[in-house]
Amino acid sequence: MPPSNTTHSRHSRDQYYVVGEGTFRLNPDGTASVTNSVTAPPNEFPFSRLGPKGTGLDLALAEAVAIAMTGVPQQVEDTSLPAGYTYVGQFVDHDLTRMTGTNDNPVSQRSPLLDLDVLYGDGPGSQAHGSFYDGIRLRLGTTQASPTNNVPNADNDLEGFDLPRNAAGATPAEKQLALIPDLRNDENLIVAQTHLAFMRFHNRVADTFGPRATFKKVRAKVVKHYQWMLRTDFLPRIVETSIIEDVFAHGRKFFEPQATRTQRPTMPLEFSVAAFRLGHSMIRDNYQWNRVFKSPGPDVLAPGSLALLFRFSGTSGTLPPPHHRLPSNWVADFRRLFRFSAAGRPDLAVADSEFNPAMRIDASMVDPLRNLPAGSFGPPNAPLPIERNLAFRNLRRANMVQLASGQQMATMMRVPALSAEQILHGAGGATPDLRTLTSAQQTELTTNTPLWLYILREAEINGGKLTGVGGRIVAEVFHRAIEASPDSILRDRRFRPTLGPNRQTFRMTDLLLFAYEGEADSLNPMG
């Protein structure tokens, strides 16, 4: 049976079990509470606290800050950071953490490891989410034809270009339900197509084993290539290189530094609730999505807006009848999300005007994130307007779990603290100028800065890469999550990637080239 889609707890996680402390909850009236317990409730995900407890920000001030963060007229693009990595980050976040609630979480064994349980769930021995079809390979879905002028492939159902869906469902909502372990990976079209690329990568790796293929062998090879890509391609794009090299060469200083490699890790609140929410600032409001959905031009139906990318997903949106599958003309053009020319494929390059850089990692967020679609975080009944603001939700969540402030973490980690001017004004230019707050609000904010905002300001001042507190948290959590994985490039020191251009290199572009067999028509079916 596929998982129920009746409730969601994605951007609105309302409880965290913190090891040794208890369960922190957001109550229906907006207040927070904690149930003290040193014993984990059944199947609870293990969060931990890396730093001290904090006092939280006054909610009226949190609202003012959130409105400012989502009200910057023009954000800055980071031309060195392709937009596809925004959603690689979202995929990774979902691999490291799980959803709460029995309806949202059909998978019992989710771990804070970089082990791709977001792709495999409980494995082929469990058919709870219907992902496997032969015990080794993953089921892929088929798009539904959506005839479009002068775009021949749009006229066809395209096998292998959508997530598998629950065709046997009785209602449209049931039919469009993705048969994958984590429904968060179908909450926007870019992360859905990213998840699909990993499914295709898994199947292609299975092909390399031929009749010797077993799920265990295939998963190990997939996971180690995935970890290599994260360590050598993804992390250096978002974290200062010197921090990464120090952590991976000399080990962790703050997060479970004495843990054994086989000991199950926890997930620090400081990472989940603050540091790894950096991706929210990387999101664009419009994407040059493919030939059909981009800036105006011949045969263009509409711009590839963020709102449409939410709409054409099975979790946040509504897929069209009769089959309630992704329309063929909405399949991703990966050439617009990743730079294939750097992977030796200049034939897969697009003009700069057709390419999507990520937005710079800083304290600003695009306007659509001030008014999220209700389906992206909960039941369809709309909450109060400010509760649909993603920045406010992040700040309120930090209050709920009593997260440490940026200043507390800087003191603990012995790194130079940001000045009041840096917190209020950042690097200047196209970021929120919080000097417009009242004097009392400025004082509160600069002495008790929410960790998420503090980390974004650190990155902003550092040219768009995490440094200081944020860089150290992210690098150490990635190190621990790789080290403790059953299949691990840190435990198997002899491993070298064999599916890229050489035995040192395996990037996200290499993963896509292998998954789609290097074919332009597969990486870009709409032409």
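Predicted model: local features only at pLDDT ≥ 70, side-chain atom pairs only at ≥ 80, totals over all residues.
Setting aside neighbours within four places in sequence, Ala 484 touches Leu 113, Arg 261, Gln 263, Pro 265 and Arg 491.

**Around Ala 484**
- You'll find Ala 484 in the loop that runs between helix 15 and helix 16 (508-515).
- Its relative accessible area is 8%, so Ala 484 goes down as buried, the cut-off being under 20%.
- For a sense of distance, take Asp 367: Ala 484 is 117 residues from it in sequence, and the two C-alpha atoms are 39 Å apart in space.

**Around Arg 252**
- Arg 252 is in a loop too, the one between helix 7 (241-250) and strand 8 (267-268).
- Is Arg 252 buried or exposed? With a relative accessibility of 10%, Arg 252 counts as buried.
- The side chain of Arg 252 gets to the backbone oxygen of Glu 256 at 2.7 Å.
- That side chain also has a polar contact with the side chain of Glu 483, at 3.2 Å.
- Beyond the neighbours within four places in sequence, Arg 252 is in contact with Val 247, Pro 257 and Ala 259, plus Glu 476, His 479, Arg 480 and Glu 483.

**Helix 11 against helix 15**
- Helix 11 (residues 406-413) and helix 15 (residues 468-483) have axes that come within 9 Å and cross at roughly 70°.
- Which residues meet here? Helix 11 brings Gly 406, Met 409, Ala 410 and Met 413, while helix 15 brings Val 469, Arg 472 and Ile 473.
- By type, the residues of this contact are five nonpolar, one polar and one charged.

**The whole chain**
- The protein has 17 helices and eleven strands.
- A compact globule of 527 residues would have a radius of gyration near 24 Å, and the protein's 22 Å agrees with that.
- Along the principal axes, the C-alpha atoms fill a box of roughly 60 × 50 × 45 Å.
- Out of 527 residues, 61% count as buried.
- Take the contacts between residues at least 6 apart in sequence: 72% of them join residues at least 24 apart.

Definitions and conventions. Residues numbered from 1 in each chain as written. Heavy atoms only, no water. Axes fitted to C-alpha atoms, helices over the stretch in contact; angles between N-to-C directions. Helix = DSSP H or I, 4+ residues; strand = E, 2+ residues; numbered from the N terminus. Contact = heavy atoms within 4.5 Å. Nonpolar A, V, L, I, M, F, W, Y, C, P; charged D, E, K, R; others polar. Buried < 20%, exposed > 50% of the residue type's maximum accessible area, 1.4 Å probe, protein only. Polar contact = N/O pair within 3.5 Å; in protein donor to acceptor, adjacent residues only side chain to side chain. Rg over C-alpha atoms; globule rule 2.2 N^0.38 Å.
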